Amino acid sequence: MRTLVIDNPASRMHRVPPGHPEHEGRYVAVRDALMTLTQPVWHEASPAGTLAVERFHTAEYVERVRAACLTAGPAEWVSLDLDTKVCRESLDAALATAGASISAVDRIMAGEADAAFCLARPPGHHAERDRAMGFCLLNSIAIAALHALEVHGLSRVAIIDIDVHHGNGSQCLAELDPRVMFASLHQSPLYPGTGSAGETGLNGNVVNVPVMAGMAGAEWREAFLRDLRPALADFRPEFIFVSAGFDAHARDPAGGLALLEADFAWAASELAALAAEFASSRLVSVLEGGYDCPALGRSAAAFVQALVEA
């Protein structure tokens, strides 16, 4: 696939307290690993506008995040919840992360590429319409999905979440909008405690596949093929979005699954095949979790390389 990397250097502006798992070293590790690949074409992100962000988030919530950031002093942080801290520049970083996902959609719809990987933080899939959660400020993948629907006139899009944690914020979008399918393959029980198999959405457009701790790649792949692929085939999306979390890796401290780099490469190949079959090869992936930096970098590089080779 013709693959882009949409880079958000503003990711480094989102500073967190020492010892926080979601630190700028994650961005550096993935960027260094992706720079070793020869095929992707790189572009730099620009910030998302208010209209795009407020298609998903409430104006009151965005203003609340902005006010919290302005409250932070030069070397201070403000807590939005127990896990989610912001500094003065955090909203700027999050807006550029959302802008990366929007740019990826626009470039693919313009025919510049088939697939894109957004190298950006903070992550977003836990952020609900009016609530920050789990390190997440703005739900970039939900913002991008709505951009594809509202600006480019598509009828159906799918969000596939392979992070070890359930993407509760992205599921909120599917629960509100029947044009969006949300499917998640995640460990349970685990934060945030949502994502049971019984959560199917008002329109049957939510597919949750909770798996137990200790699951390795072969079983995880089987669950993907058994439960996610048929659901996508039934929905027939015109664009596929991927919450590309790599914290299901065996070395990651935030989860308890046992995936390896080869499993993420396999997932990318399967997702590319699904995009080719149903979505005119339109595929945007956005970096979510992954907290062992060496494993994160290797996994992201394996994922993007598999997209290039698909």
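In this predicted model, eight strands build an open sheet with parallel pairing, arranged in the order 2-1-5-10-9-6-7-8. The edges are taken by strand 2 (41-44) and strand 8, each of which has a single partner strand, so one side of each remains without a neighbour in the sheet. Direction ignored, neighbouring strands of this sheet are turned by 15° against each other on average.

| Helix | Strands touched | Angle between directions |
|---|---|---|
| Helix 1 (residues 24-34) | strand 1 (3-7), strand 2, strand 5 (115-119), strand 10 (283-287) | about 140° with strand 5 |
| Helix 8 (residues 261-278) | strand 6 (157-161), strand 9 (240-244), strand 10 | about 165° with strand 9 |

Although strand 8 is an edge strand with a single partner, five of its six residues (206-211) are buried, that is, under 20% relative accessible area, so strand 8 is largely enclosed by the rest of the structure.

The description now turns to the pocket. The largest pocket has a volume of about 170 Å³. Its lining comprises 15 residues, and those nearest the pocket centre are G134, F135, H165, Y191 and Y291. By class, this lining contains six nonpolar, five polar and four charged residues.

Terms used:
Residues are numbered from 1 along each chain as its sequence is written. This is a predicted model: local features need pLDDT of at least 70, side-chain atom pairs count only at pLDDT 80 or more; totals for chains, interfaces and linings use all residues. Side-chain values use heavy atoms; hydrogens and water are left out. On a 1 Å grid over the protein atoms alone, a cavity is a set of points where a 1.4 Å probe fits but cannot get out, and a pocket is an open set with protein on both sides within 12 Å along at least five of seven lines; lining residues have an atom within 4 Å of a point. Grid points are joined across faces, edges and corners, and a volume is the space filled by probe spheres set on the points. Ala, Val, Leu, Ile, Met, Phe, Trp, Tyr, Cys and Pro count as nonpolar, Asp, Glu, Lys and Arg as charged, and the others, Gly among them, as polar. Buried means under 20% relative accessible area, exposed over 50%, partly exposed in between (1.4 Å probe, protein chains only). Helices (H or I, at least four residues) and strands (E, at least two) are DSSP runs, numbered from the N terminus. Two strands pair if DSSP finds at least two bridges between them. Axes are lines fitted to C-alpha atoms, for helices over the stretch in contact, and angles run from 0 to 180 degrees between N-to-C directions. Contact means heavy atoms within 4.5 Å.
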